[in-house]
Amino acid sequence: MSDRTPFRVGIGFDSHRFAPDRPLILGGVRLRERDGLLGHSDADVLTHAIMDALLGAAGLEDIGRLFPDTDPDLAGVDSLGLLDVVVRLLRHHGWEPVNVDAAIICDEPRIAPFKAQIRARLAKTMGIGADDVNVKGKTTEGLGLAVRGEGISVHAVALVEKVAS
Ligand SMILES: [Zn+2]
């Protein structure tokens, strides 16, 4: 690591296809019991993008390598549990999360009513304040996979700080 700055930024992206018979879980919060997302785990696309942003900032392997979707132990797993593992891994390497921001690209459901709950759950898992976690829903204005009703994608950025070497 460079000794010029103790901070690093990382970016994460994820997308999952809609699946009618699964619950929709974003940031560990159940938004509805049906019309969720397809995936090996609980398909929490928001938490997945945030994990990759954190890991990217710390220069560590991405979630595809850490949590392969061929691992039977990870079937249906709660992604907040995986986020907890990621934050522990960061700390092991001397990094602490500072803040996270994410854009959830979906035309429905609306994210705003769930925003406070999502921020609180993610913040608690990462050991940072709810003010340090931001999420917002973005519609695609008639473009892209969201408007075709195919799924949800998320872009996330994370800042981490070196607290030990
Ligand atoms: Zn994912």
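**Reading a zinc site and its surrounding sheet**

Student: Is His 16 buried or exposed?

Tutor: Buried means under 20% relative accessible area, exposed over 50%, and partly exposed in between (1.4 Å probe, protein chains only). His 16 has a relative accessible area of 14%, so this residue is buried. His 48 is buried too, at 7%, whereas Asp 78 is partly exposed at 41%. The model is predicted, with local features needing pLDDT of at least 70 and side-chain atom pairs 80 or more, while totals for chains, interfaces and linings use all residues. Residues are numbered from 1 along each chain as its sequence is written, and side-chain values use heavy atoms, without hydrogens and water.

Student: Which residues coordinate the zinc ion?

Tutor: Donors are N, O and S atoms within 2.8 Å of the metal (3.2 Å for Na, K and Ca); water is not among the atoms, so sites may look incomplete. Here Asp 14 (OD), His 16 (NE2) and His 48 (ND1) coordinate the zinc ion at 2.0 to 2.1 Å. Distant parts of the chain are linked by the pair His 16, in strand S1 (residues 7–19), and His 48, in helix H1 (residues 45–57), 32 residues apart. Helices (H or I, at least four residues) and strands (E, at least two) are DSSP runs, numbered from the N terminus.

Student: What is the strand order of the open sheet?

Tutor: Two strands pair if DSSP finds at least two bridges between them. The five strands follow the order S4-S1-S7-S5-S6, with mixed pairing. Strands S4 (36–37) and S6 (133–138) stand at the edges, each with a single partner strand, so one side of each lacks a neighbour in the sheet. Strands S5 (residues 95–105) and S7 (residues 151–162) pair in the antiparallel sense over 10 bridges.
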